[in-house]
Amino acid sequence: MAALWSGRFEKDMDALVKKFNASVFFDQRMYNEDINGSIAHARMLAKQGIISEEDRDQIISGLEKIRGEIESGEIVFNVDDEDIHMGIEGRLTQDIGDAGKRLHTARSRNDQCQVDGRLYLKKEIKAILKDLIDLESVILEKAENYKDTITVGFTHIQHAQPITLGFMMMAYFQMFKRDIERLQDCLDRMDYCPLGACALAGTTFPIDRAQTAEELGFKAPTENAMDSVSDRDYMLEFLSDASISMMHISRWAEEFVWWNSSEFSYIAIDDSFCTGSSIMPQKKNPDMAELLRGKSGRVYGDMMQLFTVMKGTPLAYNKDFQEDKEGVFDAVDTWKISLEIFGKMLEKTEFRRDKIENALKVGFLNATDIAEHLAQNGIPFREAHNIVGRMVKLCENKGCQLEDLTDEDVRSVDPRVTEEMLGDISIEACINARKSFGGTAPSEVERQIKVGRDWLESVKAGE
């Protein structure tokens, strides 16, 4: 079958070139978007008197028939179709004749593929937003369940200060909240319809771009035809958002790997999210967490691939742009499954309070609180910091905890300090005292959870 653009050519494409040039094997996933764009275009052409109403009706009926045949598996695309746009248009022309040949009036594949790409990403972003909302709901439930449960807070992978598990959960809640907000921004910025931009300069036909934009669910047409066909910022923004979110998943997955280790044993991951060893029968490996951690690199690669494609492309359309789709498709699929897997794994993971309680006895977690107590008693904080550092060294030499030091011990470090000045330095007291806005005190975590729930409900209401 001759290509629809073959008029000025005397030779057919080399078979290897056909294979290298074809994108239909991956861009066919946008068949619905392509058909919807063509139907909107046909309606506009008829309304503007560019084609007849009879042609319009034949085109729409023919496209719906092709949609059904694709979904039933009756149509199988091949290398001669080149891409989903030509594949559908070629079959439409075969089915309905001249009316099918009039469909491409006042448009180009350049704006057509952009319409498909934007419609596809709008649909997938809405699905990913739902997955993020579902994950945030799980996080809020876990935070509520563990808002009073004390655990170890780390810096530099060293015991730092006591925190509550609910507090830690809400830290991740904020990360995924930003992911949602970024995606909403991306969706808003890309919500413009390029249909009618044609190859790069618009058209001489009296088209109504506002009509097609409205019918396809865009808020307005794109402003400049040349930018419309050469812009891939919305894809890059989406891939950037995906990469940041996958980084958040990877960070938490990394902690799951630590917490699951024998050295920590902080968590019990449900068996349905682990695998065993082919040789060591005792093993229960956190493979899903490790896979999630690894998937982030895959999405980073998708982003960098498109950045690399775009950096050397002059205005307007270039064939390089065919390379924009596979990475986006891969990132969509990877991000969606990662969010679903992580949400379910988190939901079915329990924290082992007994193991965590033992860990709280290590690392002088109340040291900062003592320094703050001394500062509240008139000793400058920098001096208090130095004093507590020497107290820690004394404890290491004596093999005891800070709360075990006697009045004589603390005076030997600095005569200004008394045991009474240390105040209540139990781990529970340290936690409860951190009521500053955004702090780890259970009362403050409760506030964060309430704010989080209210925000999430507002997001759901705006869907």
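## Lining of the largest pocket

In this predicted model, the residues that line the largest pocket divide by class into 16 nonpolar, nine polar and five charged. The lining comprises 30 residues, and those that lie nearest the centre of the pocket are G153, F154, I163, M168 and E255. The volume of this pocket is about 660 Å³.

Several elements contribute to the lining, with at least two residues supplied by each of β1 (150–155), β2 (158–164), α8 and α11 (233–260). Helix α8 provides the largest share of the lining, namely six residues.

## Packing of α8 with α20

Helix α8, which spans residues 165–189, also packs with helix α20, which spans residues 442–461, at an angle of about 25° and with the two axes 11 Å apart. Angles under 35 degrees count as roughly parallel, and α8 and α20 are therefore roughly parallel to each other. The crossing in which α8 passes α20 is left-handed.

On the α8 side, the contact is made by G166, F167, M170, F173, K177, I180, E181 and Q184, while α20 brings V445, Q448, I449, G452, W455 and V459. Sorted by class, the residues in the contact of α8 with α20 are eight nonpolar, four polar and two charged.

Conventions:
Residues numbered from 1 in each chain as written. Predicted model: local features only at pLDDT ≥ 70, side-chain atom pairs only at ≥ 80, totals over all residues. Heavy atoms only, no water. Axes fitted to C-alpha atoms, helices over the stretch in contact; angles between N-to-C directions. Helix = DSSP H or I, 4+ residues; strand = E, 2+ residues; numbered from the N terminus. Parallel < 35°, antiparallel > 145°, perpendicular 65-115°, else oblique. Left-handed = near helix turned anticlockwise from the far one by under 90°. Contact = heavy atoms within 4.5 Å. Nonpolar A, V, L, I, M, F, W, Y, C, P; charged D, E, K, R; others polar. 1 Å grid on protein atoms, 1.4 Å probe; cavity = no way out; pocket = protein on both sides within 12 Å on 5 of 7 lines; lining within 4 Å. Points joined across faces, edges and corners; volume = space filled by probe spheres on them.
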